Amino acid sequence: MAGVVVAPVAGEGNTCCVHARKGPGYASPLEAMKGPPEALIYVTCVYNGTNNHGNGKPDYLATVDVDPNSPTYSQVIHRLSVPNIGDELHHSGWNACSSCHGDPSTHRRFLILPSLLSSRIYVVDTATDPRAPALHKVVEPEDIVKETGLAYPHTSHCLASGDIMVSCLGDKDGNAAGNGFLLLDSNFNVKGRWEKPGHSPLFGYDFWYQPRHNTMISTSWGAPAAFSKGFDLEHVANGLYGRHLHVYDWSGAELKQTLDLGDAGLLPLEIRFLHDPSKDTGFVGCALASNVVRFFRNTDGAWSHEVAISVESLKVKNWILPEMPGLITDFLISLDDRYLYFVNWLHGDVRQYNIEEPGKPVLTGQVWLGGLIQKGSAAVYISEDGTESQFDVPQVKGNQLRGGPQMIQLSLDGKRLYVTNSLFSVWDKQFYPELVEKGSHMLQIDVDIYKGGLKLNPKFFVDFGAEPDGPSLAHEMRYPGGDCTSDIWI
């Protein structure tokens, strides 16, 4: 999710975001890097699709203590269960971020929790007691469908107007053709669609906007009717998954350009502009192609793209295919635009790249945190000379790592990277059945921000397999005060 910081404009009156006093967030990305170290982190946790779902357990929002000086460090200290079953909590966003940083009347108070499968949206009060968030409001799917026809909500972004914008991946029947962008007002009532009629994208998933360039770009997962049943390569061949970026005129809510990424861009998921608002470039992680694609604006105003990083598929045996893609399912960019981090969910590694030259990323760090070809797994990697091998994956506090690294979150100063390992319950069950049975975990990586490098913290391990109501699946992470995936500066 993203907020907006509006910089003062010469000659501009005393409008939103140009007051002397401060509102939420930070004046710039570099100022954010000077912010206090994180003490808490909120994690969406899923029982849907697990054994506990059959026992009537709802999904929940976990509060994790990440203060190394706290007696409850590396522990879940609170759980807010939602009141319904089968939601599939997934991503989250804020009602306000660094948007209108200069407006003291604006407050970061509510965390928005879209439910990917039920299409319900929860609004959670995190300000009254940050250690114990409370449910504030529920936006029911019937209201969303009645007013907009939209369903399967995913990414939420706060807008400078006070509205909330949410990407929705299809209609209530799971057809991608029904996808688009939902608008909620500041009281979380359904307002309608953001895009003008006839300007919906081919597929929906993530989006990121940059008002200085009057541009919003959205990505393409696939048809809910397909991905909600598990991954099937035939669905890719049948056109039920995306490979496009959709470029919008931000002020006009009109689709201006569609970039076909081809086979090199299959399943473009997370998208980020660089944080520096003067830069008209960014990246998108293409999961199935296992490429990181850079997008950029040409001198004529049109947008182009190129493959910036490629992860080669590995030749394997004892798996469903002869070659295994890395499956890049999440990535982020440090607030100083110096480093890009991404995960290979199937291979099992987390990578760090220096992107000071955005068109020429350089690998500077790599660590293995699980995956399908770790030692002890059935699958083995076959090198060019025919040698069979598997990757060494360390234990943490005596625990064998399950699944593969999936969602990541970076500390404001860029020195700590947090990692969870659940992607989506039905896909977890398909690729990592042990994860559904034994639950997720959360890890922390120490980052060398000077020379580059990644090192697993042996003292941090949150075991969501040991939860009071049984093993759960941990997904996205969010700091109470905002983070590098929650704020946009303009």
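## Strands β9 and β10

Strand β9 (residues 151–158) is joined to strand β10 by five bridges, and the two run antiparallel. Strands are DSSP runs of E with at least two residues, helices are DSSP runs of H or I with at least four residues, and both are numbered from the N terminus. Two strands count as a pair if DSSP finds at least two bridges between them. Within this pairing, Ser156 has Val166 in β10 as its bridge partner. The hairpin of β9 and β10 has five residues between the strands, and Gly162 there takes a positive phi near 100 degrees.

This is a predicted model: local features need pLDDT of at least 70, side-chain atom pairs count only at pLDDT 80 or more, and totals for chains, interfaces and linings use all residues. Residues are numbered from 1 along each chain as its sequence is written, and side-chain values use heavy atoms, with hydrogens and water left out.

## Burial of β10 and β11

Seven of the seven residues of β10 are buried, so this strand is largely enclosed by the rest of the structure. Buried means under 20% relative accessible area, exposed means over 50%, and partly exposed lies in between (1.4 Å probe, protein chains only). Strand β11 (residues 180–184) is likewise largely enclosed, because five of its five residues are buried.

Strand β10 spans residues 164–170, and five bridges join it to β11 in an antiparallel arrangement. Ile164 has Leu184 in β11 as its bridge partner, and Met165 stands opposite Leu183 in β11.

## From β11 to β12

Leu183 also stands opposite Gly192, which belongs to β12. Three bridges join β11 to strand β12 (residues 190–193), and these strands run antiparallel. Together β11 and β12 form a hairpin with five residues between them. In its turn, Phe188 has a positive phi of about 70 degrees.

## The sheet β17-β18-β19-β20

Four strands form an open, antiparallel sheet in the order β17-β18-β19-β20. Its edge strands are β17 (268–273) and β20 (303–310), each of which pairs on one side only. Neighbouring strands of this sheet are turned against each other by 25 degrees on average, direction ignored. For such angles, axes are lines fitted to C-alpha atoms, for helices over the stretch in contact, and angles run from 0 to 180 degrees between N-to-C directions.

Strand β17 pairs with strand β18 (residues 281–286) in the antiparallel sense over four bridges. Here the bridge partner of Pro268 is Cys286 in β18.

## The sheet β4-β3-β2-β34

An open sheet of four strands has the order β4-β3-β2-β34, again with antiparallel pairing. At its edges stand β4 (75–81) and β34 (473–478); each has a single partner strand, so one side of each is left without a neighbour in the sheet. The twist averages 30 degrees from one strand to the next.

Strand β2 (residues 40–46) pairs with strand β3 (residues 60–65) over six bridges in the antiparallel sense. Leu40 has Asp65 in β3 as its bridge partner.

## A buried valine and a surface patch

Val343 lies in strand β24 (residues 339–344). Its relative accessible area is 0%, so Val343 counts as buried. Val343 and Gln406 are 63 residues apart in sequence, yet their C-alpha atoms are 6.1 Å apart in space.

On the surface, Leu233, Ile320 and Leu321 form a nonpolar patch with about 270 Å² of accessible area together. Patches are made of residues with over 30% relative accessible area and no salt bridge; like charges are joined within 9 Å, and nonpolar side chains (Val, Leu, Ile, Met, Phe, Trp, Tyr) within 5 Å. A salt bridge is a side-chain nitrogen of Lys or Arg within 4 Å of a carboxyl oxygen of Asp or Glu. Accessible areas come from the Shrake-Rupley method with a 1.4 Å probe, and for residues only the protein chains shown count as cover. Leu233 belongs to helix α4 (residues 233–237). At 43% relative accessibility, Leu233 counts as partly exposed.

## The chain as a whole

The protein chain has six helices and 35 strands. Of its 490 residues, 62% count as buried. Its C-alpha atoms fill a box of roughly 70 × 50 × 50 Å, taken along the principal axes.
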